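Please load the model in your viewer and keep a selection panel at hand. The stops below go from the whole chain to single side chains.

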Amino acid sequence: MKLGIIFLISIVAGIFSGEHYHSFVAGFAVAAIAVGSGYWLAFRSSTRYPQLALLMLLLGLAAKMVVTVVGVMWSLEANLINSPIVFSLSYLFFSIVVTYGYSKLREYQMQKLSVKEKQKLQTQPA
């Protein structure tokens, strides 16, 4: 149900920003790349080396900021952003949506890993 609501809001927002479609898509692209790079860095080694968790979270935050600044500068230089309000709303919405998607993906991966470890423990001889 949540996924359906996300798709519905995305489609309606895309229709409403029809004149400023490039700003809408640029906001989506910058948000997706920024959150993806931050997520990739932040959770890369947190399961193997928990001592590095804070450092990796800070690196993920820095990467998100750098990607956002570079993406906005590049979009402005390429004249893709013709409506800053549409871009900023699109960036805000899609950064929340992509963060939700990555957190659900992480939850699924951790659950799958937990099930695999339980099966491994059950098959080992005592």
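The tour that follows names a selection at each stop and says what is there.

This is a predicted model, in which local features need pLDDT of at least 70 and side-chain atom pairs count only at pLDDT 80 or more, while totals for chains, interfaces and linings use all residues. Residues are numbered from 1 along each chain as its sequence is written, and side-chain values use heavy atoms, with hydrogens and water left out.

**Whole chain.** Colour by secondary structure: the chain has 4 helices and 0 strands, in the order α-α-α-α from the N terminus on, where helices (H or I, at least four residues) and strands (E, at least two) are DSSP runs numbered from the N terminus. Along the principal axes, the C-alpha trace spans about 65 × 35 × 15 Å. The radius of gyration of the chain is 19 Å, whereas a compact globule of 126 residues would have one near 14 Å; the radius is taken over C-alpha atoms, and the globule rule is 2.2 Å times the number of residues to the power 0.38. With a surface shown, the chain exposes about 9,200 Å², of which carbon and sulfur atoms supply 72% (Shrake-Rupley method with a 1.4 Å probe; for residues, only the protein chains shown count as cover). Buried residues make up 28% of the 126 residues, where buried means under 20% relative accessible area, exposed over 50% and partly exposed in between (1.4 Å probe, protein chains only).

**Annotated segments.** Select residues 24-42, 54-74 and 80-102, which the unreviewed UniProt entry annotates as "transmembrane region"; positions are given in the numbering used here, feature names are shortened, and such annotations may be inferred rather than shown by experiment. Residues 54-74 are 100% helix and 0% strand, with the end C-alpha atoms 30 Å apart, while residues 80-102 are 83% helix and 0% strand, with the end C-alpha atoms 26 Å apart.

**The loop at N79.** Select N79, in the loop between α3 (53-77) and α4. N79 has a positive phi of about 60° although it is not a glycine, and N79 is exposed, with a relative accessible area of 65%.

**Nonpolar core.** Select F24, A26, V30, A31, A34, I81, V86, F87, Y91 and F94, the 10 residues of the largest nonpolar core, that is, a set of buried Ala, Val, Leu, Ile, Met, Phe, Trp, Tyr and Cys residues joined through side-chain atoms within 4.5 Å. Helices α2 (21-42) and α4 (84-123) are the elements that give two or more residues to this core, and the largest share, 5 residues, comes from α2.

**Aromatic pairs.** The structure holds 5 aromatic pairs, in which rings of Phe, Tyr and Trp (its six-membered ring) have centres within 6.5 Å, with planes under 30 degrees apart counted as stacked, over 60 as edge-to-face and the rest as tilted. Select Y39 and Y102: the ring centres are 4.6 Å apart and the planes at 15°, so this pair is stacked. Because Y39 lies in helix α2 and Y102 in helix α4, the pair ties together parts that are 63 residues apart in sequence. Y39 is buried at 17% relative accessible area, whereas Y102 is partly exposed at 27%.

Next, select F93 and F94, whose ring centres are 5.1 Å apart with planes at 70°, so the pair is edge-to-face. F93 is partly exposed at 22%, and F94 is buried at 7%.

**Around F94.** Which residues is F94 in contact with, leaving aside its neighbours within four places in sequence? They are S10, F24, F28 and A31, contact meaning heavy atoms within 4.5 Å.
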